[in-house]
Amino acid sequence: MSIDTDSAAAWPAEIHATLERYDVRQVAYVPDGGHAVLIQMAHDTPTMRPIALTTEEEGIALLTGAAVGGQRGVLLMQSSGVGNCVNMLSLVQMCRVPLLVIVTMRGEWGEFNPWQIPMGAATPQAFEMMGVRTVRVDRPEEVGPTLDAAARMVYDGGAAVAVLLSQRLIGAKVFVK
Amino acid sequence: MSQSNSLLDRRAVAATLLANRGGMIAVTGLGAPTYDAAAAGDHPLNFYLWGAMGGAAMIGLGLALAQPDRHVLVLTGDGEMLMGAQSFATIAMQRPANLSIAIVDNGRYGETGGQESATARTSDLTAVAAGFGIPDAATLTTMDEVAAFAASLHQPQTAPRVRVIKIRPEDLVRVLPVRDGATIRTRIQAALAQ
């Protein structure tokens, strides 16, 4: 898949810089167009270990192990995968491990695929009912400060936070050729 | 089950795998593997699971990548592994040499009344692991093989390994370790810091 360079804004690099600054080592992801630039940057960063998952819930278990073992991690996914994580998020509540998830939203702004709408619409509730705080980002200039605030809550404060990158922010061009 | 006389004793298997463990971390799948590990003797480096079904192997992967100088043993059952079998693919791609997965396989969901699992008749988790790309997967049917595998946990390896260990279906006395997840987590972290 090709990335539209016109819309390849600065925010993936800002997320990457924040993750690097917080010494995030395990970058778990389910392949996703909205995260494609960030995923490639993780692959190009020697201190980061990119870990491709077959399903999102694997990432919750992986990052629990990473946290207990003393490494910081992040989980990248799109909103369609959030429901897959629900039971596995019991681990995060029970063990009180930090968790940072960065979600690209589907099923909202200009979505052409109606099958994305149900899980997209339920994404905030799915996280919140399992004790994960959500913070939504709609504008490019908010990405850097929001990621920094979330990373601080997670890695310094031990919280579980999901940052939801809105579909308006990401842009429909990433998905439709 | 005409073979049941030759199937192994799960408590003996767990005790053998966890004997003389040194700094090895053990992640135990919910249900009987957690009780088996507790019966073998409580240890601060035991990550006892009481839920998160299907997640044991991936917790093991996260720990193995974070602690490359220690061996991580995932001790789980056939039902738990079937629920997360696709994680063999993820583990095979990462190829952590310090991760071993021991699946005690009785073809039963012991915690829910002994219903048959897919491994009782049709599915072969060793072949599943190999098919997903685990470079070293094997089925063990004797205590000599288990003992040899246990000894290898303390030798440097070159790739992640899966062992499916055929055990007797039986309902043993439950030995219940600590259940509070935060306590389990802080206990492991304190032991790792020493």
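The coordinates belong to a predicted model, so the confidence values come first. Chain A has an average pLDDT of 93, and 92% of its residues reach at least 70. Residues 1-7 of chain A are an exception to keep in mind, as their pLDDT stays under 50. For this segment the model has 10 contacts beyond four places in sequence.

The interface is formed by 26 residues of chain A in contact with 26 residues of chain B. About 2000 Å² is buried between chain A and chain B, and carbon and sulfur atoms supply 62% of that area. On the side of chain A that touches chain B, the elements giving two or more residues are β2 (49-52), α3 (56-68) and α4 (90-95) of chain A. The greatest contribution to this side is that of α3(A), with 8 residues. By residue class, the side of chain A that touches chain B consists of 14 nonpolar, 9 polar and 3 charged residues. The count of salt bridges between chain A and chain B is 0, whereas 11 residue pairs across the interface are in polar contact, both partners being at pLDDT 80 or more.

One residue of chain B shows such an arrangement in detail. B:Arg185 belongs to helix α8 (residues 181-193) of chain B. Its relative accessibility is 14%, which is under the 20% limit, and B:Arg185 therefore counts as buried. Apart from neighbours within four places in sequence, B:Arg185 is in contact with A:Val68, A:Cys95, A:Arg96 and A:Val97. A polar atom of the B:Arg185 side chain lies 2.8 Å from the backbone oxygen of A:Cys95. Within chain B, the C-alpha atoms of B:Arg185 and B:Leu45 are 9.2 Å apart, although 140 residues separate the two in sequence.

Most residues other than glycine have a negative phi. B:Ala52, which is not a glycine, has a positive phi of about 55°. This alanine, B:Ala52, is placed in the loop between β2 (46-48) and α3 (56-66) of chain B. B:Arg95 likewise has a positive phi, near 55°, and its place is in the loop between α5 (87-94) and β4 (99-105) of chain B. What are the relative accessibilities of B:Ala52 and B:Arg95? B:Ala52 is buried, with a relative accessible area of 5%, while B:Arg95 is partly exposed at 45%.

Technical notes
Residues are numbered from 1 along each chain as its sequence is written. Chains are lettered from A and ligands numbered from 1 in the order in which they are written. Side-chain values use heavy atoms; hydrogens and water are left out. Contact means heavy atoms within 4.5 Å. Buried area is the accessible area (1.4 Å probe) that two parts lose on being put together, summed over both. A salt bridge is a side-chain nitrogen of Lys or Arg within 4 Å of a carboxyl oxygen of Asp or Glu. A polar contact is a pair of N or O atoms within 3.5 Å; within protein, one must be able to donate a hydrogen and the other to accept it, and residues adjacent in sequence count only if both atoms are side-chain atoms. Helices (H or I, at least four residues) and strands (E, at least two) are DSSP runs, numbered from the N terminus. Ala, Val, Leu, Ile, Met, Phe, Trp, Tyr, Cys and Pro count as nonpolar, Asp, Glu, Lys and Arg as charged, and the others, Gly among them, as polar. pLDDT is the predictor's confidence in each residue, from 0 to 100. Buried means under 20% relative accessible area, exposed over 50%, partly exposed in between (1.4 Å probe, protein chains only).
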